[in-house]
Amino acid sequence: MKFCTVKQYFDDENNNNVTNGIATTVIPLPNKHLKIKANNKEMEQYEQELLRNVMPQELTKLILAANYLNFKEALDFFCRTVANAIQNKSVDYVRKFFGLESDFEPGEEEKLCKEFAWSFEGVDED
Amino acid sequence: MSDNKTTNRIIPWGSLPDEILTNIFVFLPIKSIIIFTSVSKAWKSLIKNPTFISTHLNHSLNKNKNQNLLFIGLCSENQKEFYALHNEDDADFTQHARFDYPFRAPPYNGKYIVLGTCNGLLFLSKVFHGDNSLCLWNPCVGKLLKLPSPNITYAKHRRFRASLGFGFDPKTKDYKVIRVVTLLESFDLERTRPQVEIYTLSTGQWRTITTGLAPICALYWTDRQTFISGALHWVACFKDSDNNIHDFVLVFDLGEEVFHKILLPEFPGHRGRISGSVSVYRNSIALFQTDNGFLHIWAMKEYDVVSSWTKLFSLPLLDQNFFGANSIRTALGFRRNGEVILKLNGGRLISVDLETPEDPDTREIKDLRIMGYEETIVDYYVESLVLLDKATNSEDTY
């Protein structure tokens, strides 16, 4: 583990937003990851728990923390969790999830949808 | 989570840096990635971008998630071509996706066949009035690009025979299509050198090779390409000074754009000629050779090392009961795990483990439960977004 980076992260004034919660989640992750690496089912459950207990905002912070700490495994894990949460979902669902608004011109979005009309089939119900 | 700590700056998802969004997107199925180009302008320009497409491809090629796909060209009961992607690592070899023949036009002017795949792109060819019509198609993103007419045409050069190939050049990060053309009008095996022209995706144009010319030889016709180790491979023959004809493997390095020869293995009764074809085998090539009612399979254990040619197995072509009540029709290629894929008479596809025990009775044969047809080909496949960022010219297609 990169201990000096961790210390620097906490000392850095710009990261006042870091709560203890994040440090406790990110740092024990490698151990948990190694322990349950063999068992994919447990991994999925852990992922589900993480999603339920951790509000989207916190998940963002976890991701940014993992990125800052250069902690590839944790970063991949969190990103994959987000990907699993949004895969096969509709555009509206994803916009709500990320708090985004459409910034397309009126005709533009329709054009895009038409171009890839076939890929919109089989998308999960919102 | 303690929520009495004030987090006075709530970080909105939207301002996540691009590299983190990229890291999330690469874990998504292709369909979702495409749909999400409609989420916002920022997402659209991030996704429809050569950098992201390349990152996504590398992720697809390297992920150790058990999803190695095999591409298989098939035909439905009502004579319609279609293509299926099957999961190689799945015990039931389940179908992952399926795509229909991409052209609406009826087959009166010939139909396209798939010659091979590379990085998620399919290479299609049609022969019409002696000329080649070529396309690159990514079925996962629904983009089809028709290539411009090559330089060597029937109108200008009269009869010819063209061998084709397609692949990715990591040096220039570009896709290239090669045409090795033997002009037939005044063909002389001792003097005629094939003409070579190359199309590059980045320029959108054909150019004829003037240096690094092909050796004097003639290529055998093949309807399937062999692209491995950055090079294309065809079986060809030349005539030596004693007037004997020898077969060999002609190799074209896509990056260097030069040819070289790989000699075939020596085997008893071998008088220079074989009746066979090459195939990709693991990270090297293999040779399918028919002789005396047997299909001999040779593997080049160490790529480009002639002494490493090893005979893996000889399969009986005349055994009526090889599998069920069927005999072997032809070998189609290999799975990533080294098993050979065979098509039986009747069309059934099976895979055979050639590498473990010597005893032929204990070799493992797996019924892939797929019915092939005359033009079935198999090839490794990886899903990608290549061509997503290109405007394409699919006029008479879906």
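**Figure 1. Contact between chain A and chain B in a predicted model.** The contact draws on 48 residues of chain A and 39 residues of chain B, where contact means heavy atoms within 4.5 Å. Together the two chains bury about 3,800 Å², and carbon and sulfur atoms account for 68% of it. Buried area is the accessible area (1.4 Å probe) lost by two parts on being put together, summed over both. In this predicted model, local features need pLDDT of at least 70 and side-chain atom pairs count only at pLDDT 80 or more, while totals for chains, interfaces and linings use all residues; side-chain values use heavy atoms, with hydrogens and water left out. Residues are numbered from 1 along each chain as its sequence is written, and chains are lettered from A and ligands numbered from 1 in the order in which they are written.

**Figure 2. Salt bridge and polar contacts across the interface of chain A and chain B.** One salt bridge is found here, defined as a side-chain nitrogen of Lys or Arg within 4 Å of a carboxyl oxygen of Asp or Glu. K41(B) pairs with E105(A), and their closest N and O atoms are 3.3 Å apart.

**Figure 3. Domain 1 and domain 2 of chain A.** Domain 1 covers 1–87 and domain 2 covers 88–126, with bounds from an automatic or database domain assignment. Four residues of domain 1 are in contact with seven residues of domain 2. The area buried between these domains is about 490 Å², 72% of it from carbon and sulfur atoms. A85(A), I86(A) and Q87(A) supply 75% of the area that domain 1 buries against domain 2, more than any other three residues. Zero salt bridges and three residue pairs in polar contact (both at pLDDT 80 or more) are counted between the domains.

**Figure 4. Cysteines C79(A) and C118(B).** Over all chains there are zero disulfides, a disulfide being a pair of cysteine sulfur atoms within 2.5 Å. C118(B) is in no disulfide, and the nearest cysteine sulfur, that of C140(B), is 14 Å away. C118(B) counts as buried because its relative accessibility is 7%; buried means under 20% relative accessible area (1.4 Å probe, protein chains only). C79(A) is also buried, at 0% relative accessibility.

Notes:
Polar contact = N/O pair within 3.5 Å; in protein donor to acceptor, adjacent residues only side chain to side chain. Buried < 20%, exposed > 50% of the residue type's maximum accessible area, 1.4 Å probe, protein only.
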